[in-house]
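The sequence and structure are shown first, followed by the description.

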Amino acid sequence: MSGDRLLAGRAAVVVGGSRGIGRAVAELLCGLGASVVINGRDPDAVQQTVDALTTSGGQAGAVTGSANDERVAAALIEECTNTFGRLDILVNCAGIAEPPRSSILRISPQEFDLLIGSHLGTVFHTCRLAAPLMAAQGNGAIINTGSSAFLGDYGGTGYPAGKGAVNALTMAIAAELKADGVRANVVCPGARTRLSTGPEYEQHIANLHRRGLLDELTMRASLDAAPAEFVAPVYAYLASDVARDVTGQILVAAGGFVGRYDRPTPTLLGYRDHHDSDPWSVAELHAMIGG
């Protein structure tokens, strides 16, 4: 079950695979026997990662550019199917950080659109192209990267909105493709990367704590995140047949912590049959909701 060739014969696309969590995932998938096509916006970082993967004995290709561009997304899928003859695994790890001190009070429409495109747009374009191929072959694994920031605890605008939308889109994909043998899950990772280190990041986390958005424990965990190698195994697990029955889940992976966000369900606050009752009054609603 945990053998060195767990993913032998599989072909994967890792969007954002040239750095950080994406690179750690690409390295592990290769190490488990998968052929991998990686992606990134920096040509030098992309080439360095490909060289590292092939030097270690893996099979790897690459497409440079932002997968929020549907042409780049198409090139990624085509590179995988043309070079390795198939597409079994799609991992979306690309993303950008919220601008420093960003909030609904200050962010521009252009900055917001860029954040939504980088996260939600990338997932949409790659999944739209990968899903028909996987459905036609009757199997496949899609692993998208979310963030616990979707809860709003880290402030911001486009980043939590984009990640929350990634969660919702992935759940919809999982429901739609389950009958076709295709699985879709989300990983909300916590890891030390270039986006979560440095003075600006540390100041941002300290400021969130000062404002009461982050408690002491979450602040300390955010400032002492484990390397990306601790997160990568969750992606590899979801990509493998070991997780054949796991779909539609939002998982959390941060260092040695693994968790799951349960599916939201409404809590009953009040009920009356609309066939023989009047609408709720404002006072009645306040008693149920705010009282």
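A polar contact is a pair of N or O atoms within 3.5 Å; within protein, one atom must be able to donate a hydrogen and the other to accept it, and residues adjacent in sequence count only if both atoms are side-chain atoms. The model is predicted, so local features need pLDDT of at least 70 and side-chain atom pairs count only at pLDDT 80 or more, whereas totals for chains, interfaces and linings use all residues. Residues are numbered from 1 along each chain as its sequence is written, and side-chain values use heavy atoms, with hydrogens and water left out.

**Lysine 163**

Lysine 163 is found in helix α5, residues 158–177; helices (H or I, at least four residues) and strands (E, at least two) are DSSP runs numbered from the N terminus. A polar atom of the lysine 163 side chain lies 3.0 Å from the backbone oxygen of threonine 145. With a relative accessibility of 4%, lysine 163 counts as buried, a term that means under 20% relative accessible area, against over 50% for exposed and partly exposed in between (1.4 Å probe, protein chains only). Contact means heavy atoms within 4.5 Å. Leaving aside neighbours within four places in sequence, lysine 163 is in contact with Ala94, His119, Thr145, Gly146, Ser147 and Phe150. Glycine 146 is 17 residues away from lysine 163 along the chain, and their C-alpha atoms are separated by 5.0 Å.

**Two residues of helix α4**

Serine 118 is placed in helix α4, which covers residues 109–137, and threonine 126 lies in helix α4. Serine 118 counts as buried at 12% relative accessibility. Not counting residues up to four places away in sequence, serine 118 touches Asn68, Ala94, Gly95 and Ile96.

Threonine 126 is buried, with a relative accessible area of 1%. The threonine 126 side chain reaches the backbone oxygen of valine 123 at 3.3 Å. Beyond residues up to four places away in sequence, threonine 126 touches Val15, Ala67, Ala73, Ile77, Leu90 and Asn92. Threonine 126 and valine 13 are 113 residues apart in sequence, with 9.4 Å from C-alpha to C-alpha.

Two packed helices are described by the angle between their axes and the distance between the axes. Axes are lines fitted to C-alpha atoms, for helices over the stretch in contact, and angles run from 0 to 180 degrees between N-to-C directions.

| Helix pair | Angle | Axis distance |
|---|---|---|
| α1 (residues 20–31) and α2 (residues 43–55) | about 25° | 10 Å |
| α1 and α8 (residues 232–239) | roughly 50° | within 9 Å |

The second pairing makes α1 oblique to α8, whereas α1 and α2 are roughly parallel to each other. Angles under 35 degrees count as roughly parallel, over 145 as roughly antiparallel, 65 to 115 as roughly perpendicular and the rest as oblique.

In the pairing with α2, Arg23, Ala26, Glu27 and Cys30 of α1 meet Gln48, Thr49, Ala52 and Leu53. By class, this contact of α1 with α2 has four nonpolar, two polar and two charged residues. Nonpolar covers Ala, Val, Leu, Ile, Met, Phe, Trp, Tyr, Cys and Pro, charged covers Asp, Glu, Lys and Arg, and the others, Gly among them, are polar.

In the pairing with α8, Ile21, Ala24, Val25, Leu28 and Leu29 of α1 meet Ala232, Pro233, Tyr235, Ala236 and Ala239. The contact of α1 with α8 has ten nonpolar, no polar and no charged residues.

Six of the eight residues of α8 are buried, so α8 is largely enclosed by the rest of the structure. The buried residues of α8 are Ala232, Val234, Tyr235, Ala236, Leu238 and Ala239. These buried residues pack against α1 and the strands β4 (89–92), β5 (140–145), β6 (182–190), β7 (250–254) and β8 (257–261).
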